[in-house]
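Please read these notes with the sequence and the 3D structure open beside you, and check each point against them as you go.

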Amino acid sequence: MSKTAGFEHRIIIIFLDHVNRVGQRFDAPLASSLPVSCAQASVEFSGELSLLSIYEESLEKPLTQGYQNICKCWKGSYGSAMEFVELIKAPKVDNVVMRRPLFPNVEGTLCITGHHIILSSRKEDTEELWLLHRNVDVVEKKQSTFGGGTVAIKYALSQIEITNLLYPFFYRPMYNILEDGWTAFTTESEFSKLVLKSDDWRISNVNKDFTVCNSYPATVVVPKSVPDEVITTAASFRQGGRFPVLCYRHENGSVLLRSGQPLVGPSGKRCKEDEKLINAVLGPGKRGYIIDTRAQTLAQTAKSRGGGFELEIHYPQWRRIHKPIDRHHNLLDSLARLLEACNDTSCTMDKWLGRLESSNWLSHVRDTLNCACLVAQCLDQENLSVLAHGSDGTDTTLAVTSITQIILNPDCRSIRGFEALIEREWLQGGYPFGSRHFKSGYAYTASSVKNPKKKYAPTFLLFMDCVWQLFFQFPCSFEFTENFLITILQHSYASQFGTFLGDNVWEREQLNLHLNTVSLWSHINRPEIILTFMNPVYEPNSKVIWPSVAPASLSLWSGLFLRWVVDQKPTEETWKAIAEMKEKEKELKKQAIKLRKQLIDMEKALNSKLSTSSPST
Amino acid sequence: MKSQKKLSILLGIYHRIDNVGLLERYSSRRNAVGALYLTATHLIYVDHDNKRETWILHSHISSVTKLPLTPQGSPLQVRTKTFLSMTFVIPKERDAHDLFISLSQLCQPTSIEDLYSFRYNMGSEDLPREAGWALFDLQLEFERMGVPNESWTMTSLNKDYEICDTYPRYLYVPATAQTAVLLGSSRFRSRGRLPVLTYLHSTKAALCRCSQPLSGFSARCVEDESLLVCIQKVNPNTAQLVVVDTRPKINAMANRAAGKGYESEANYENTRFHFAGIDNIHVMRSSLTRLLETCELKTPAMAAFLNGVESSGWLRHIKSILDAAVFIAKTLEDGSSVLVHCSDGWDRTAQVCGLSQILLDPYYRTIHGFQALIAKEWLSFGHKFTDRCGHISIDPKEVSPVFTQWLECVWNLIQQFPSVFQFNDRLLLCIHDHVHSCQFGTFVGNCQKDRIDLRLEEKTYSLWGYIANHMNEFLNPLYKPDTNVGFIQPNLAPQTFKFWREMYCRWETGLHPRESLTDLMVASKDHINSLDDHIRLLQKRIKLTEEKFATHPNSNGENNTEESVEDNRLTYKKNLLDEMNMKVQRKIEYDPLMVTSFANKSSDGLSLLSSDYHDKTEDIMALAKLSDELNSVALEWKSVRGVKECPCSTPLDVSTRKSHCWSCGEIYCARCLDKSASLPGHISQKQSPVCRECYRVLIKSASVESPE
C-alpha cells in the first residue's frame with residue numbers, strides 16, 4: 001500500500017497503556033483481556049505524508065484552539081451525550097502502518113473518535129488498536145529521512161483539563177454491578193477492622209464539609225479522648241490541615257499515625273492542641289517515634305518557609321528519625337531515565353547497567369522499603385507508636401504507611417484487603433492522583449512537564465514497585481498476582497472507571513463520581529474477574545513479612561518496565577504451569593479421598609457378605 | 001554430603017578451637033560464638049546457640065587470609081570456591097596461626113594424588129565405585145548424531161595420544177581427509193589440536209573445533225588449508241565455511257608475534273572469518289574477583305552495588321559468550337559449517353561450542369544430554385579442570401572461572417526458557433560445587449589422557465553416578481518434553497541478563513526470596529506423581545473388589561469363584577512382576593526420568609510386592625491390611641512455606657532442599673530423608689523417598705507378612 005516516499009513520515013505516539021485485542025471494546029472486561037499490561041510503550045504510525053499531515057492536524061487543531069474555548073462552555077454541563085466529534089478535522093486516515101516492539105506490524109485505517117484513537121485493518125481476525133486519549137503521554141512527529149530531526153508535539157490529546165469531560169463519564173458498563181465499589185470501603189466499615197477491640201478510638205465527623213482539611217475524607221479515625229475542637233485547632237498547625245489521624249493499629253496495640261508537617265516556622269511555634277492530640281495516642285510514660293521522610297536539611301529548610309518538624313522540647317515523649325525518600329520531580333526524572341534505559345535494547349551491557357544505576361530508581365525503591373521497615377520495626381519489635389510525615393503528607397508518607405501495613409498486616413495481602421488499603425491510604429488519604437498521574441515518564445522531556453510546580457510524580461508507581469518487591473520475595477503470602485498490581489497501576493493512569501479521578505475525596509464528591517462513573521472495584525470484584533487475579537500458590541500467612549533490602553535482593557520489575565521490550569512469556573508460562581499443577585494436585589487429592597472411601601465401603605460390604613455366606617455352607 | 005560428615009567423624013578431629021567468634025556481615029546482631037573443628041577433610045564451625053553448622057570442604061577453600069588483630073582475637077577470613085566467605089575471630093593468636101598454616105596446606109595439595117577423591121568413600125550411599133564411569137562414551141555420542149557416515153569418519157590416529165595429548169583417543173574428521181593432511185594440519189595448530197568434528201547438526205552443517213594456527217605473520221600450511229576445504233566440502237548446503245575466532249581481534253593479532261595468530265584470509269578459500277571478542281582467562285579471573293568484592297561490600301548502597309556489578313564487567317563477559325554462541329548456532333541452523341577456535345581451543349572454544357549445541361539440540365537440554373555434553377565438550381576435548389579450578393597448588397595465573405561462566409550462561413538460558421530444560425539450576429550448582437570439590441574423580445586432571453594415567457575409574461567415584469542416584473533433586477518441574485522446540489533463540493538485550501544471586505550470594509541466606517517457588521513446584525510435582533500412582537492402585541483394587549462381588553453369588557459355586565479370584569490375583573501379580581522386570585531392564589539402559597535410584601536392588605521391590613500380593617489361602621484381605629496399604633501414601637503434604645527446620649532441628653534455609661516423605665507427608669532435610677522404599681499404596685512399586693520412621697514401619701510390615 002503505502003510504499004515509497006510517503007513511508008518516511010511517522011507519528012510516534014507514546015502511550016501509557018491499553019492495547020486491546022480483536023473485537024474487544026472498552027466495554028468488554030478490559031483488564032482480563034489484556035495480556036500483561038502497564039508501563040509505557042510506544043507505537044509508530046507510518047503512512048502517506050499528506051494524509052498523515054491531515055491526521056496530525058486533527059490531533060493538533062482541536063487541542064491548541066478548539067479545546068480551550070469549548071472547555072469553557074462545557075464547564076458544569078457534563079453528562080450530555082455530546083462528545084468531541086466535531087472537533088476532529090479529519091476523522092480517518094487510510095493506509096497506515098502501525099509498528100510496535102514484540103508484535104507484528106498492522107496495516108489499516110487510523111480513526112480518531114471522541115475518546116479513542118483506533119487503528120483497524122477492517123479484516124476479521126486481526127488486531128485492532130483502541131487507545132484512550134487519556135493514555136497518550138506524548139505525540140512526537142518524526143520526519144526521519146527527509147528533513148531529519150524530531151518535531152516533538154508538546155501536547156497530547158489527553159490534556160483536557162476539565163475532569164468531567166473524561167471518558168469515565170461516558171462509559172457505561174455492559175454488566176450488572178453486584179457490589180458497588182464506591183461504597184465497598186467506607187471509613188465506617190473499615191473502622192472495626194482497623195481498631196479491632198480497642199476502645200480508645202472513635203470516628204470523627206469534624207471534616208464533614210471538608211473545611212478542616214480538604215484532602216481528608218469526611219470521616220477520620222482519631223483518639224477517643226480528644227474532642228473535635230482540639231482537632232480543629234491542631235489541624236491549623238499542620239500543613240494542608242492534615243492533622244494526625246490513625247492509619248493502622250498493630251495487633252500489639254501500637255499504632256501508626258500520619259499527618260502533614262507541623263507549621264513550626266522560623267520562630268519555632270508550638271501548638272498545645274497538636275501535642276495533646278498525638279500524646280493521647282501514647283500510654284502514660286510511653287514513648288513514640290516520629291519518622292520524617294525528608295532529610296534533616298530539607299526539614300530545616302522547610303522550617304524557614306513556615307513548615308518544619310516537631311521540636312524536641314515540645315514533644316519530649318517522641319523521638320524523631322529522618323529517613324529521606326526523594327520526591328516529586330526527582331522521582332519523575334528518575335523514572336524517565338529508567339524508561340529510556342529500558343527501551344534501548346541495543347545498547348551495550350555496560351551502558352545499560354550504568355543507566356540503570358544512574359536512574360536511581362532502585363535506590364528510591366530501596367529507600368522507601370527501608371523507611372517502611374523501620375516504621376514496621378518500631379511498631380512490631382519495639383512496641384512503640386509511630387507518627388509518619390513528610391512535608392505535605394500526601395506522597396512519600398502514604399507510600400511508607402501503606403507498605404508498613406503490607407509488611408505487618410496479613411489482611412493487606414489479600415485482594416480485598418489490598419483494595420481497602422489503596423482506598424484508605426491513597427484515595428481517601430488524599431494522594432492527588434489527578435495531578436500526579438496526569439503525565440508520566442515519557443512526557444518528562446517536554447519542558448512543560450519539567451516545571452516542578454506541576455507536581456507530576458510517580459509516587460504511587462514507586463509504592464507499587466515496592467509491593468512487587470515484597471511479592472517477589474514472598475510469592476506465597478499474597479492472594480493476588482503481579483497482574484493485579486499492573487492492572488490497578490494502569491487504571492490509576494488512564495481508565496474507563498472513575499476511581500482515580502480527581503485529587504481527593506472532596507473533589508470526587510463535587511464531581512458526583514459515585515453517580516456518574518463506575519468504580520474500578522465494582523469491576524475487579526466481579527467473581528469472573530477476581531478469579532483471574534488469584535495467586536495459585538497463595539497460603540494465608542499470618543506472620544509479619546520482613547523483606548530483605550540488600551541491593552542484591554532488589555530487582556528491576558521486568559513485568560512492568562520491560563514488558564514492551566522483553567518478551568514476558570516465560571514468566572507467564574511459569575505461572576500458568578504452577579496454577580495448573582496446583583489445580584491438578586487438588587483434584588487428585590479429592591479423587592483419592594473419594595476412591596479410598598469407596599474402596600473401604602466395598603471391602604466392608606464384601607467382608608460382611610462373605611462372613612454371612614461362609615457359615616451357611 | 002551426609003556421608004562425608006560421617007567419614008570425617010570416623011577419621012577423627014585433628015584440632016578443636018573453642019570460643020571462636022563469627023563476624024556477621026549484614027546483621028547488626030551480636031556475633032555468634034562457637035567452636036571450630038579441623039578434620040582431615042573439613043573445617044567445621046558449630047554455632048550451638050543458633051543450631052547452625054557450617055561444613056567447609058578443604059578442597060573448596062580458595063583463600064585463607066589473616067586480618068589485622070582485634071581486641072577479641074585474630075580474625076581469619078576463609079573464602080571458598082563456592083563463594084562462601086566467613087571471618088572467624090580466634091581468641092589466641094597462636095591457634096589462628098596454626099589453623100592458617102594447616103588450612104593453607106590442606107586446601108591445595110601439591111600432588112594430584114593427594115586430592116580428596118582418592119580417599120573419598122561413598123559411606124552409606126549405595127553406589128558402587130564403577131557406577132557412572134561408563135555412562136558417557138564419546139563414540140556412542142557421535143553415533144547418536146549419525147557419525148560415522150559417508151561424510152565423516154572416525155580416525156584412530158590419536159589412539160595413543162601421539163598427535164595430540166589433550167584430545168580424545170578417537171577423532172572424527174571428514175572422510176575425504178587423508179592421513180597426511182591430518183598430520184600436517186595438527187603440526188600447524190597450537191599443541192597439535194587440529195580441526196575435528198564435535199557436533200553434526202541435523203542440517204548436515206558441522207561444528208568443528210581446533211586451536212589457533214601457527215601462522216605467525218606469514219606462515220601457511222597446505223595440509224591445514226585442505227583440511228578446511230574438506231570440512232567445507234562435506235557439507236552439501238553451502239560453499240562456505242565460517243571460522244569463528246572467539247578472541248578479540250587485537251588479541252589474535254598480538255599472538256602473531258609469538259608465531260601463532262589466526263588464519264590469513266588470503267590463504268583460505270570460501271571461508272568467512274568472524275571474531276567474537278570474548279576476553280581471555282586473566283580478564284575473566286579479575287572480573288570475577290571484582291564481582292565478588294562487590295558481593296562482599298559491607299552495607300552497600302544500591303548505587304554502589306550496581307556500579308560494582310557494572311565495573312566488574314562480569315555480565316558483559318557473559319553476554320559476549322552467549323552472543324558468540326547464538327551467532328554459531330544461527331550459522332549452523334542456516335546450513336553453514338563452523339570451525340571454532342580461540343588460542344588453545346580449550347576454554348572459550350569449549351564455552352561457545354557447548355552453548356551453541358544446547359541452543360540447537362533438545363537432547364543437550366535433558367539431564368543425560370547435558371552431562372554427555374560436558375563429558376564431550378569439556379572433559380574429552382581437554383578443558384584443564386585441574387589447572388582452571390586450582391585443584392593443586394600450581395601457577396595461580398592458570399586459575400580462571402571459565403566453567404563457572406559457562407554454567408551461568410546456561411542459567412541465563414533457563415531463565416529465558418523455563419520449560420525446555422529437563423534439569424533445574426540445582427544441577428548447575430551441584431556440578432559447579434563438585435567440579436571444585438574433587439570429591440569425585442570426574443573432573444580431576446586436565447585431559448582424557450591424564451585421567452587414564454591416574455586410573456581414576458578404578459580409584460575414584462564418578463559424579464555422573466551420584467547424579468543418576470539423585471535424579472529427583474535435579475528435575476525441572478516445568479519441563480515439557482513434548483512441546484520441545486529445536487533451536488531456541490534467546491533474547492540478547494542487556495536487560496535480560498540478571499545477576500546470579502543464587503550462585504554468588506548463595507550463602508547469604510537472608511538475601512534470597514523467602515518463599516521459593518521452585519521448592520513449591522517440585523513438591524507439587526512429586527505429590528501429583530504419588531497421588532496419581534495411588535489412585536491407579538485404588539482403581540485397580542476397586543475393580544478387583546467389584547469382580548469379587550460379581551463372581552461371588554451368595555452360597556453356591558464358591559470354589560469356582562475362589563479360583564477365578566485367585567487367577568485374577570495371579571495374573572495381576574504376574575503383570576506387576578513383568579512390569580518390574582522391564583523397569584529393571586530399562587534402568588540398566590539408563591532412563592534419566594526414572595525416579596528409582598541407581599543402586600536400587602530390584603529384590604527389595606519384589607519382596608514388598610510379593611508380600612502384598614502373595615497367595616494366601618485366606619482370600620479376603622483384612623481391613624486392617626487395606627488400611628495399612630492406604631496409610632502408606634500421604635494425601636496431605638506439609639506446606640513448604642514457613643518450614644524453618646527439619647524435625648532433627650537442622651535449619652532448612654533457601655539453599656537446602658526441603659523434601660517430603662512420600663509416606664507421611666512431613667518435610668525433612670536431605671540427611672534425614674535418605675531412605676527409599678516402594679509404598680504398598682503405589683501401583684508402580686517405584687522407590688519413593690521416605691523418612692526413617694516410615695521406612696522402619698514399611699520394612700517391618702513387609703518382612704512380617706512375607707511368607708518366605
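1. In which loop of chain B does B:Asn280 lie? B:Asn280 lies between strand 13 (271-275) and helix 7 (281-295) of chain B, where helices (H or I, at least four residues) and strands (E, at least two) are DSSP runs, numbered from the N terminus. Before going further, please keep in mind that this is a predicted model, in which local features need pLDDT of at least 70 and side-chain atom pairs count only at pLDDT 80 or more, while totals for chains, interfaces and linings use all residues. Residues are numbered from 1 along each chain as its sequence is written, chains are lettered from A and ligands numbered from 1 in the order in which they are written, and side-chain values use heavy atoms, with hydrogens and water left out.

2. The surroundings of B:Asn280 can be described in some detail. B:Asn280 counts as partly exposed, at 23% relative accessibility; here buried means under 20% relative accessible area, exposed means over 50%, and partly exposed is in between (1.4 Å probe, protein chains only). Not counting residues up to four places away in sequence, B:Asn280 touches B:Asn251 and B:Arg348, a contact being heavy atoms within 4.5 Å. A polar atom of the B:Asn280 side chain also lies 3.0 Å from the backbone nitrogen of B:Val283.

3. B:Asn280 belongs to a set of residues marked in a database record. The UniProt annotation "binding site", from an unreviewed entry, covers B:Asn280, B:Ile281, B:Cys342, B:Ser343, B:Asp344, B:Gly345, B:Trp346, B:Asp347 and B:Arg348; UniProt positions are given in the numbering used here, feature names are shortened, and annotations may be inferred rather than shown by experiment. Although these residues are spread over 69 residues of sequence, they cluster in space, with a largest C-alpha distance of 12.2 Å.

4. B:Cys342 is buried, with a relative accessible area of 2%. Leaving aside neighbours within four places in sequence, the contacts of B:Cys342 include B:Cys210, B:Asp245, B:Asp347 and B:Arg348.

5. Turning to chain A, an open sheet of five strands has the order 11-12-15-13-14, with mixed pairing; two strands pair if DSSP finds at least two bridges between them. Strand 11 (245-249) and strand 14 (318-322) of chain A stand at the edges, each with a single partner strand, so one side of each is left without a neighbour in the sheet. From one strand to the next, the twist averages 25 degrees. Strand 12 (residues 255-258) and strand 15 (residues 385-389) of chain A run parallel and are joined by three bridges, and A:Leu257 stands opposite A:Leu387 in strand 15 of chain A.

6. Helix 10 (residues 396-408) of chain A packs on this sheet, touching strand 11, strand 12 and strand 15 of chain A, and its direction makes about 165 degrees with that of strand 12 of chain A. Axes are lines fitted to C-alpha atoms, for helices over the stretch in contact, and angles run from 0 to 180 degrees between N-to-C directions.

7. Helix 10 of chain A holds A:Gln405, which is buried, with a relative accessible area of 0%. The side chain of A:Gln405 makes a polar contact with the side chain of A:Glu425 (3.4 Å); a polar contact is a pair of N or O atoms within 3.5 Å, and within protein one must be able to donate a hydrogen and the other to accept it, while residues adjacent in sequence count only if both atoms are side-chain atoms. Among the residues that A:Gln405 touches, beyond those up to four places away in sequence, are A:Cys247 and A:Tyr248.

8. The contact between the chains takes 72 residues from chain A and 67 residues from chain B. The area buried between chain A and chain B is about 6,400 Å², of which carbon and sulfur atoms give 68%; buried area is the accessible area (1.4 Å probe) that two parts lose on being put together, summed over both. In chain A, A:Met349, A:Met581 and A:Arg596 lose the most area to chain B, together 12% of what that side buries.
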